[in-house]
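Dear colleague,

I am handing over the structure we spoke about, and my notes on it follow below. Please read them with the sequence and the coordinates open.

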Amino acid sequence: MRLILPLICLAVLAVLPLHFSDYGLGLLIGAATYVTLASAWALFSGHTHYISLATVAFYGAGAYTVAVLNEVLPYPAILLCAAVIGGTLALIVGLSTLRLRGVYFVIFSFGLAELIRQLITWYEVNVTGTLGRYIFLDITTRQIYWQMLALGAATIALTAWIMRARLGLALRVIGDDETVAAHSGVNLARVKLIAFVLSSVILTLAGAITSPRYVYVEPSIVFNPTVSFLTVIMALLGGANRLWGPALGAVPLFLVFEFLSSNFPDTYPIFLGLLFIGVVFVVPDGLISAAERLTRRGQVRA
Amino acid sequence: MSFLRIDRAVKQFGGLRAVDEVSFSLQRGEIVGLLGPNGSGKTTVINLVSGALPVTSGEIWLDGRRLTGLRCDRIARAGVARTFQLVRTLPSLSLMENVMITAVFGRSTHWGEKARRVAEDALATVGLAERASAVAGDLTYIDQKRLELARALAAEPEILLLDEWLAGLNPTELAEGVALIRRLHEGGLTILMVEHIIDAVRALCPRVVVMNSGRLIADEATEAALSDPAVVSAYLGGEVDA
Amino acid sequence: MLTTTVILGLVLGGTYALLALGLTLQYGIARIMNLAYGELTLLSAFVVVALFQGLGLSPLLTLPLVAAGGYGIGWLLYAVMMRPLVARSQGRGRLEVDSILATFGLLFLIQGGLLLAFGANFTSISYLDRGVTVLGVSVALNRLIAFGICVVVGAALVVALKTTRWGLIMRAVALTPGSAPLVGIDVNRAARQGFALGSALAAVAGASISMYQTFSATAGVVFTMKALVIVIMGGVGNVPGALAAGFGLGLIETFVATAIDPGLTLAATFAIFLLVLLWRPQGLFGARR
């Protein structure tokens with residue numbers, strides 16, 4: 001029963017592009033991408049409260065993998081490469097950094113994305129001599145949408161499964177108190193690493209799948225830190241520790257930001273700023289929790 | 001052969017030697033009080049045994065197994081469970097989940113129905129069975145202490161380390177707490193308890209070890225220790241006349 | 001060649017040191033990691049430039065003005081925005097995440113305001129832009145003045161923290177916020193002062209940056225990152241450490257830019273930062289706990 005509603009929704013979403021214009025399809029892809037990014041981000045950060053700003057490091061790595069390999073390998077092999085690269089990167093980063101906590105982790109993850117961008121830029125300018133790359137793949141916009149929809153659905157399904165498994169319980173314990181977690185027998189490093197790698201592989205794949213939309217790729221485009229910030233605020237708005245929270249935050253915010261960036265590009269950062277502050281002060285646990293609290297209060301009064 | 005054996009354990013914090021060549025051991029099923037004035041290194045000893053801090057030198061053994069150098073999750077899975085001096089519950093989890101985690105991630109790695117049953121039993125032991133689905137953040141102080149003990153018990157431990165678990169209780173709660181610890185001991189559990197409440201120590205522990213300024217100054221029967229001039233002067237802050 | 005690098009590096013390092021001092025005060029005393037710190041610096045730099053271009057006011061004259069303004073803004077920010085978060089968290093770990101997200105919001109808010117007011121173009125002014133010879137190396141006078149400001153303000157702060165009663169209170173709160181109230185210290189007040197003073201230092205650093213650097217409304221993050229690198233290298237709350245690390249970073253950047261590749265300076269900063277975080281998160285000069 002709990003499966004039927006999501007499956008119907010998925011089916012409806014899957015046939016939508018048959019009735020949409022190119023512009024509408026573009027919006028659908030964007031929304032699906034951010035649902036995937038926010039859900040994948042929350043898979044690691046939602047319960048552990050490790051606020052990662054490295055989202056774009058993996059997203060960009062995925063896009064760059066496609067940009068570099070798109071004329072060399074068949075498409076499925078490229079996706080596989082992207083997943084392996086994302087996973088390896090996450091493993092290295094995770095092994096060295098997951099003992100950092102709080103603000104150190106936040107800053108580290110942000111610095112990591114910037115470092116990768118700087119290094120790729122430097123490498124492209126000085127070694128290969130080409131700052132930009134083109135992606136020519138024989139993929140239709142609809143196919144991109146379907147792939148992203150599938151990845152998003154898989155992310156949410158994976159999250160649902162993890163939250164009912166030992167791994168999910170361990171992540172929640174870590175989010176509340178790492179010392180208690182360790183003294184209860186939780187292998188902190190392993191649990192955090194597994195979740196971080198899973199999350200990062202999905203982020204990388206999302207970057208790879210969406211990359212043909214860019215056609216022209218350069219570091220400042222695919223490693224744009226705004227992607228990381230948007231992902232964080234979307235997940236937090238809906239409720240990063242809820243299964244549907246990130247998706248709930250991602251869809252409306254993506255549409256709002258899309259509208260703002262085409263109509264009021266200058267006020268865009270102000271809106272983003274107000275949103276962050278608003279979430280912290282008004283709905284610190286996300287919209288889903290806030291709605292639940294409201295209905296509970298209504299019931300008590302009635 | 002002793003069950004828990006602490007062998008010349010040293011813990012150095014910068015220039016401070018918080019634990020200085022401390023050695024003592026516990027037999028299986030024994031209950032021992034760890035006494036000493038504030039800052040004498042008792043909690044540090046608990047932290048060394050549970051792996052919260054690595055020893056600077058020395059060794060710690062449990063049932064013939066070397067604990068020295070193991071991470072605290074490995075030590076927990078080896079059968080060491082503890083409570084904390086400043087209560088640590090998991091505020092966003094339910095009581096059931098709070099307690100279940102040691103059953104799930106501890107030495108017996110239960111899951112599903114079995115883990116629930118172990119957690120229910122532990123909650124019942126401390127008298128919180130009816131509130132299993134409440135959220136831990138809403139508990140009173142004494143109930144948080146109970147919850148912490150239940151979590152330690154759900155690990156089905158070989159040895160239980162209590163760090164001032166009785167502190168801050170009112171006289172009625174204290175009597176209940178003492179009775180509860182006694183029941184656990186009678187059920188065969190080995191217990192090492194840091195405690196300031198001397199009456200409780202008298203009631204529960206036939207033997208105590210006493211620390212002062214990081215050193216072990218007594219390891220003997222409780223009554224003898226409490227009248228030992230070295231112990232008395234340590235508590236009263238005087239110098240020991242040798 | 002080497003002397004040039006060293007002198008230019010030290011001059012740049014002076015600004016960095018000042019930049020980091022403010023952040024280390026905010027984080028050390030108020031326990032708030034202010035990710036909008038660089039934006040406050042930029043705000044001050046833009047104000048100095050606007051006053052210079054609009055009214056012809058010399059940056060040296062506007063300096064005390066923006067410093068006072070920075071103090072006021074910091075005071076307000078703490079009272080209105082941070083204090084409620086501190087009160088809400090009640091000593092639990094929540095404060096860290098909350099303050100990170102709130103100052104993120106502030107970052108974008110100020111950045112958006114700067115973009116609206118001053119546009120996205122690079123800005124610079126030519127103020128006292130003539131060469132002065134120091135030890136055989138020609139250094140622009142504006143850089144030397146900026147360096148002088150940093151040395152004077154930095155030294156004054158170090159002395160004040162070491163010798164005054166106020167400094168003692170600040171150090172007490174930085175060391176043990178939990179037991180400071182036991183000796184009659186108003187921790188909330190001290191935190192607010194620390195935060196405000198940090199913002200004032202950010203403003204002074206911004207003013208000195210405006211005298212010789214080119215900057216744009218989106219460059220705040222880079223300043224925050226550099227200040228953070230220095231704070232972490234020096235050890236959180238460690239004022240002499242921040243000064244030393246600030247000069248160190250200035251030297252390293254200048255060295256990388258002249259000897260290796262100017263395109264790698266930012267990458268070098270991040271690389272150092274990541275290495276320090278991993279190798280000695282307690283700072284290069286802090287004691288290992």
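Of the 25 residues of helix α4 of chain C, 18 are buried, so this helix is largely enclosed by the rest of the structure; please keep in mind that the model is a predicted one. Helix α4 of chain C covers residues 94–118 and reaches 36 Å from its first C-alpha to its last, which is close to the 36 Å expected at 1.5 Å a residue. Just after α4(C), C:Gly119 takes a positive phi of about 80°.

Also in chain C, the unreviewed UniProt entry lists several stretches under "transmembrane region", among them residues 37–55, 100–120 and 227–249. Over residues 37–55 of chain C the chain is 100% helix and 0% strand, with the end C-alpha atoms 27 Å apart. For residues 227–249 of chain C, the span is 83% helix and 0% strand, and the end C-alpha atoms lie 10 Å apart.

Turning to chain A, the axes of helix α6 (residues 141–163) and helix α9 (residues 188–210) come within 10 Å and cross at roughly 170°. Because an angle over 145 degrees counts as roughly antiparallel, that crossing makes α6(A) roughly antiparallel to α9(A). On the α6(A) side, the contact is formed by A:Ile144, A:Gln147, A:Met148, A:Leu151 and A:Thr155, which meet A:Ile202, A:Leu205, A:Ala206, A:Ile209 and A:Thr210 in α9(A). By class, this contact of α6(A) with α9(A) has seven nonpolar and three polar residues, and no charged ones.

With best wishes

Methods. Residues are numbered from 1 along each chain as its sequence is written. Chains are lettered from A and ligands numbered from 1 in the order in which they are written. This is a predicted model: local features need pLDDT of at least 70, side-chain atom pairs count only at pLDDT 80 or more; totals for chains, interfaces and linings use all residues. Axes are lines fitted to C-alpha atoms, for helices over the stretch in contact, and angles run from 0 to 180 degrees between N-to-C directions. Helices (H or I, at least four residues) and strands (E, at least two) are DSSP runs, numbered from the N terminus. Angles under 35 degrees count as roughly parallel, over 145 as roughly antiparallel, 65 to 115 as roughly perpendicular and the rest as oblique. Two residues are in contact if their C-beta atoms, placed from the backbone, lie within 7 Å. Ala, Val, Leu, Ile, Met, Phe, Trp, Tyr, Cys and Pro count as nonpolar, Asp, Glu, Lys and Arg as charged, and the others, Gly among them, as polar. UniProt positions are given in the numbering used here, feature names are shortened, and annotations may be inferred rather than shown by experiment. The expected span of a helix is 1.5 Å times one less than its number of residues. A residue is buried if 20 or more other C-beta atoms lie within 10 Å of its own, exposed if 12 or fewer, and partly exposed in between; C-beta atoms are placed from the backbone.
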